Every structure is written in structure tokens, then in C-alpha cells.
Amino acid sequence: MGEDRWEHLTKGLPEVTSVQAITVHPTTPDAIYLGTRCGAYRSLDRGERWERLGFPEDGTEVWSILVHPGNPRLLYAGTSPVGVYRSDDGGDTWRRLPKAVQAERVKMKSFVCRVMRLAADPARPDELYAALEVGGAMRSPDGGETWEDCSAGLLELATLPHLKSRIDSDTDIEGMLDGHALCVSAARPATVFLAVRMGLFQSADRGAHWRDMQIGRFSPLTYARDVRWCRHRMHASCTRA
């Protein structure tokens, strides 16, 4: 099949569902994981057939899935409402990590906060990061057992007039806490890049402080929706608000 042909891979999926995350297993490319509004699904044959993975709570929306860089059987899933689940057996069973919580600083009118992206530090694979929409960022130094808030620096930046934004709440800090994606540098230890509504931001100290990368210098579009680190280069995907 060439690039000019596509086919629906829906066998085993609900008739009506919304796919929010697609993760191809880094060491077993036939294995693909989906995050949907109806939970998580797995295919072991490149999408020909799908099976629903059992979460402790029914109806959990899955927005992000991460395979541990050093342990191919270890998976994490970020959900809505905010939660992080861990599987130690390739997705067969899951447990919720009870300390993966974040203070609710923004109450959105149309949806609840969710974990949009999970990432691990390539140099320290048990160090995890999460981008929350709308809740900023948080970090775990121990594989998800404990978590700490990484949003203090984002809140400081939100006091600047050009970084204030509200669309669906009653507070101007909304835009800076509208986390969409993050990645951790493979070349610069402790360096994290975070994409939020107001642009692209960098931390050189594991999320303790953040600086504006001023992506508007290079693109008329600054509403970042994704960010990836690839072979010592960073790529950001932006869209209009």
C-alpha cells in the first residue's frame, strides 16, 4: 500500500469513538496502543484487530500513552479526569498511581482537566513528565510513584500582559496552563520543552523554572499543539487558536 491509499482499521473498536493518542511500541512495531474516550486499546498486528485493555475504572478517557524507554513491558497512560495509570505487563492489567494529582487552578466550563502528554527523560527513564490541559505540568522522579508540580514558573509568566489568556474559564492564567505536549532533550540533561497555548517554553532545571522561547520570531503561528525532539533537533507543531 502506497502513501496515496488509506484504510480504516476498526475491527474491535467501538462504532463511535474518538482517538486521542496513538503510540507505536518502540521495540515491537506490530504493537500499537490507542487512547480513546472509551479507554485504551491494543493491536498486536499493526491495527488489523483491536482489543480493549482493562482499566480499574470503566469509562476512563485515555489521552496519552507512554512506553518506558528502558522496559518494553512497562506502560503509562494519562487520563481525564487527571490521572496516570501504570501497567507492568504490556497493558494486560493497570493500576492507578494515587499520587499523580494536580491542584485545580483553572476550572474549564466545557471539559475537565486531562493529561495530554507523558514523556520520560532519555537519560533517566524513571523520571517522568506530564503536560496537563488545563493544569500546567508535573514531574515524577521515581517512575510515577510520587509527583511534584512544575507550574510555578508558568504562573509567574502568566502575569505578563502578552501571556494572559482566557477562553473557557474566568482566569487569565488559563493560557499558560493549557499544556498540550512536552518532550525531554536527549542532548541536554534536565532540559524540558513544553507546548502550551501561549507558545513554546523551555526549562533547564527539570521544570522548576521556565523561559519563553519566543516561537513567534520564526512563525506567525504560536499556538503550539505538539513538540518533539528528534536527533538533537526540536520540532514544534503550531496552529491558530
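Predicted model: local features only at pLDDT ≥ 70, side-chain atom pairs only at ≥ 80, totals over all residues.
Strands here are DSSP runs of E with at least two residues, numbered from the N terminus.

**Exercise 1.** Find out which strands each supply at least two residues of the lining of the largest pocket, and which residues lie nearest its centre.

*Solution.* Begin with the space itself, which has a volume of about 850 Å³. Next, turn to the lining, which is made up of 28 residues, and locate Leu 66, Arg 117, Leu 118, Ala 119 and Arg 228, which lie nearest the centre of this pocket. Then go through the strands: at least two lining residues each are supplied by strand 1 (19-24), strand 5 (61-67), strand 9 (114-120), strand 13 (179-184) and strand 17 (223-230). Strand 1 has the largest share of this lining, with 6 residues. Finally, sort the lining by residue type, which gives 21 nonpolar, 4 polar and 3 charged residues.

**Exercise 2.** Describe the second largest pocket by its space, its lining and the strand that gives the most to that lining.

*Solution.* Start again with the space, of which about 270 Å³ lies in the second largest pocket. The lining consists of 14 residues, and those nearest the centre are Leu 9, Ile 22, Ile 32, Leu 34 and Trp 50. Among the strands, strand 1 and strand 2 (32-36) each supply at least two residues of this lining, and strand 1 gives the most, with 3 residues.

Conventions. Residues numbered from 1 in each chain as written. Heavy atoms only, no water. 1 Å grid on protein atoms, 1.4 Å probe; cavity = no way out; pocket = protein on both sides within 12 Å on 5 of 7 lines; lining within 4 Å. Points joined across faces, edges and corners; volume = space filled by probe spheres on them. Helix = DSSP H or I, 4+ residues; strand = E, 2+ residues; numbered from the N terminus. Nonpolar A, V, L, I, M, F, W, Y, C, P; charged D, E, K, R; others polar.
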